[in-house]
Amino acid sequence: MILTEYNTTSFSDFSLYCGDSINIMSQFDNQFDMIFADPPYFLSTGNGKVNINGKYIKFDKGEWDKVRSSDEKDKFNLSWLMACKRCLKDDGTIWVSGTYHSIFQCGFAIQQLGFKILNDIAWYKPNASPNLSCRYFTASHESLIWAIKDPKSKHIFNYDAMRREDFPEDFLKNPGKQMRSV
């Protein structure tokens, strides 16, 4: 569904847009320093249920997350990532999150569009849901891709803050050492 209208909520330091992201982004060119995207993982089957180990479990996030063919997913990812690229400043970066269901197709599209991938980051989830089929590893992380629009541009990375800052809730962070990709 394509929305031609959207709702905007403005605050003193940001605006929140609710609507079709590609339509909304068509109004912005070379304007943003950074975009964080959490695109669909395409896991919903359309019937509201998923069969896991012979048991049907309710799982349907909506039409936007409906399972599609590989070609449809590729076209979708190229479309929204092209819109993001147009919105980013030349030295702008994009962060894309996903699971193994979607992140590799996103990464391929990012490379096709000429972005430079700076890092892949594992977002560790200490309270991950168990794998109900008991036939796979429990997915205890999501992947993030950090990329820059123009490979020749200088991106911003505050190395000193990532090294010196104390993150007491992060048991993987070694005090005084460089921040890891987990």
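# Strand pairing, burial and salt bridges

Strands β6 and β8 (residues 141-148) are paired antiparallel through six bridges. Two strands are taken as paired if DSSP finds at least two bridges between them. The model is a predicted one, in which local features need pLDDT of at least 70, side-chain atom pairs count only at pLDDT 80 or more, and totals for chains, interfaces and linings use all residues. Residues are numbered from 1 along each chain as its sequence is written, and side-chain values use heavy atoms, with hydrogens and water left out.

**Overall organisation**

The protein contains four helices and eight strands, arranged along the sequence as β-β-α-β-β-β-α-β-α-β-β-α. Helices (H or I, at least four residues) and strands (E, at least two) are DSSP runs, numbered from the N terminus. Of the 182 residues, 27% are buried; buried means under 20% relative accessible area, exposed over 50%, and partly exposed in between (1.4 Å probe, protein chains only). Among contacts with a separation of 6 or more, 59% are between residues 24 or more positions apart, a contact being heavy atoms within 4.5 Å. The accessible surface is about 12700 Å², and carbon and sulfur atoms contribute 53% of it. Areas follow the Shrake-Rupley method with a 1.4 Å probe; for residues, only the protein chains shown count as cover.

T99 is in the loop that joins β6 to α3. T99 counts as buried because its relative accessibility is 14%. The T99 side chain makes a polar contact of 2.7 Å with that of H101. Such a contact is a pair of N or O atoms within 3.5 Å; within protein, one must be able to donate a hydrogen and the other to accept it, and residues adjacent in sequence count only if both atoms are side-chain atoms. Neighbours within four places in sequence aside, T99 is in contact with Y41 and E142.

Helix α3 (residues 103-112) has I103, Q105, C106, G107, A109 and I110 as its buried residues. Their cover includes α2 (70-87), β6, β7 (116-124) and β8. Just after α3, G114 adopts a positive phi of about 90°.

**Salt bridges**

Four salt bridges are counted, each a side-chain nitrogen of Lys or Arg within 4 Å of a carboxyl oxygen of Asp or Glu. D29 and R86 form one of them, at 3.2 Å from N to O. D29 belongs to the loop between α1 (21-25) and β3 and R86 to helix α2, so this pair ties together parts 57 residues apart in sequence. In another, the closest N and O atoms of K149 and D90 are 3.7 Å apart. K149 is in the loop between β8 and α4 (159-164) and D90 in strand β6, a link across 59 residues. E142 and K125 also form a salt bridge, with closest N and O atoms 2.7 Å apart. E142 lies in strand β8 and K125 in the loop between β7 and β8, so parts 17 residues apart are tied together.

| Residue | Relative accessible area | Class |
|---|---|---|
| D29 | 47% | partly exposed |
| R86 | 35% | partly exposed |
| K149 | 11% | buried |
| D90 | 47% | partly exposed |
| E142 | 9% | buried |
| K125 | 28% | partly exposed |
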